[in-house]
Amino acid sequence: MSKKASKTAARATSKAAARSPAKTAAIRPASEPTDDTAARIAAAIEAIAHHLSAASPATGAGYSFASADAFVWHPDGRLAPVTRVSRVDLGLLKGIDRMRDILIENTERFADGLPANNALLWGARGMGKSSLVKAAHASINVDRKPADRLKLIEIHREDIESLPGLMDLLRHSKLRFIVFCDDLSFDGNDASYKSLKAVLEGGIEGRPDNVILYATSNRRHLLAREMIENERSTAINPGDAVEEKVSLSDRFGLWLGFHRCSQDEYLAMVKGYCAHFGITIAEHELEREALEWSTTRGSRSGRVAWQFIQELAGRLAVRLNVS
């Protein structure tokens with residue numbers, strides 16, 4: 001090799017060596033985090049964990065029910081206390097004496113820790129099904145100590161699928177609970193009734209001993225007729241399909257039927273409200289107006305009687321102090 005070629009090769013080697021530190025620095029990984037950075041990351045993780053813990057549903061053992069005797073269940077795991085329940089006095093519920101006595105007896109046995117049945121209150125609209133449940137709850141609690149008082153928890157029809165979660169929340173409490181669902185029914189392809197069936201009977205865990213379920217419905221079997229007919233027409237064994245649907249209401253041990261009231265029962269409701277709230281009006285005039293009101297509504301029921309009383313009280317400037 002000539003001296004000129006050797007000098008050229010040497011200069012190239014020298015330039016490459018000069019460039020290598022820069023390339024090495026360019027691909028060198030970022031420096032390790034300082035102690036201050038690590039501390040900030042740890043604090044952030046701890047804060048996130050704290051917020052997640054606070055947002056998670058409370059367990060049955062840790063949840064406080066002392067704030068109220070009634071609650072509304074939300075499917076995100078919250079129980080919202082209801083400090084003032086919308087209800088009427090038990091004595092104002094006329095024309096349903098037999099159903100009232102049966103439900104009160106069943107509820108009292110449950111409150112005393114004795115065996116009792118889940119109850120389905122079904123039948124005519126406006127005849128006091130939900131009013132009876134709320135009035136029974138209040139009546140049972142009148143003379144009980146705080147530790148022995150029943151708690152009423154309402155679950156909305158559309159939240160039935162979250163019922164197993166509510167059962168988990170209540171299972172380990174020392175208190176006793178009535179879980180109440182108003183206007184319970186199922187339509188179309190709604191399969192959420194299966195969650196209710198598992199809780200009532202048949203599931204591995206089943207219903208906790210400290211929980212009883214009360215439901216109201218206009219339907220005796222909780223399911224629309226067309227829903228049952230559809231199951232019959234598409235099933236391999238139509239009889240089995242219908243049994244699957246009807247068996248839901250069978251899991252309520254206590255059925256209480258509410259039927260349309262007679263004219264005398266309707267007038268007794270109206271007069272009972274007048275006496276309770278101190279509404280003074282001639283009896284013949286009261287009966288005439290009450291019957292005319294029911295005729296315009298096309299039905300006679302406790303709800304219609306209450307609506308008439310509100311109209312009458314407003315016209316006579318009488319305040320209705322409902323508990």
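Predicted model: local features only at pLDDT ≥ 70, side-chain atom pairs only at ≥ 80, totals over all residues.
**Entry 1: F277 and its neighbours**

I started with F277 and looked up what it touches: L92, W306, V318, L320, N321 and V322, leaving aside residues up to four places away in sequence. Contact here means heavy atoms within 4.5 Å. Residues are numbered from 1 along each chain as its sequence is written, and side-chain values use heavy atoms, with hydrogens and water left out.

F277 is found in helix α9. I take helices (H or I, at least four residues) and strands (E, at least two) as DSSP runs, numbered from the N terminus. Is F277 buried or exposed? F277 is buried, with a relative accessible area of 13%. My cut-offs are under 20% relative accessible area for buried, over 50% for exposed, and partly exposed in between (1.4 Å probe, protein chains only). I also checked one of its contacts along the chain: N321 is 44 residues from F277 in sequence, while their C-alpha atoms are 7.6 Å apart.

**Entry 2: the whole protein**

I counted eleven helices and seven strands in the protein. Of its 323 residues, 39% are buried. The accessible surface comes to about 18,700 Å², and carbon and sulfur atoms hold 51% of that; I used the Shrake-Rupley method with a 1.4 Å probe, and for residues only the protein chains shown count as cover. Among contacts with a separation of 6 or more, 76% are between residues 24 or more positions apart.

**Entry 3: the sheet**

In what order do the seven strands of the open sheet stand? I read β2-β1-β4-β5-β6-β3-β7, with mixed pairing. I call two strands paired if DSSP finds at least two bridges between them. β2 (78–81) and β7 (254–258) are at the edges with a single partner strand each, so one side of each has no neighbour in the sheet. Neighbouring strands are turned by 25° against each other on average, direction ignored. Axes are lines fitted to C-alpha atoms, for helices over the stretch in contact, and angles run from 0 to 180 degrees between N-to-C directions.

Next I followed β7. Strand β3 (residues 119–123) runs parallel to β7, and five bridges join the two. A119 has L254 as its bridge partner in β7, and L120 has W255. As a reminder to myself, strands of a sheet pair through backbone hydrogen bonds, either parallel or antiparallel. I also found β7 mostly covered, with four of its five residues buried. Helix α3 (residues 97–111) lies across β3, β5 (177–181), β6 (211–217) and β7, at about 155° to β7.

**Entry 4: helix α5**

Which residues of helix α5 (residues 163–170) are buried? I noted L163, L166, M167, L169 and L170. Seen down the axis of α5, these buried residues fall within an arc of 160°, so they line one face of the helix. The arc is that of the directions from the helix axis to the C-beta atoms.

**Entry 5: salt bridges**

I found 13 salt bridges in the structure. The test is a side-chain nitrogen of Lys or Arg within 4 Å of a carboxyl oxygen of Asp or Glu. I looked at a few of them in turn.

- R78 and D76 form a salt bridge, with the closest N and O atoms 2.9 Å apart. R78 is partly exposed at 44% relative accessible area, and D76 is partly exposed at 48%.
- R109 and E105 form a salt bridge, with the closest N and O atoms 3.3 Å apart. Both lie in helix α3, four residues apart, about one turn of the helix. R109 is partly exposed at 30% relative accessible area, and E105 counts as partly exposed at 48%.
- K271 and E287 meet through their side chains in a salt bridge of 2.7 Å, N to O. K271 lies in helix α9 (residues 263–277) and E287 in helix α10 (residues 283–297), so the pair ties together parts that are 16 residues apart in sequence. K271 counts as partly exposed at 30% relative accessibility, and E287 counts as partly exposed at 25%.
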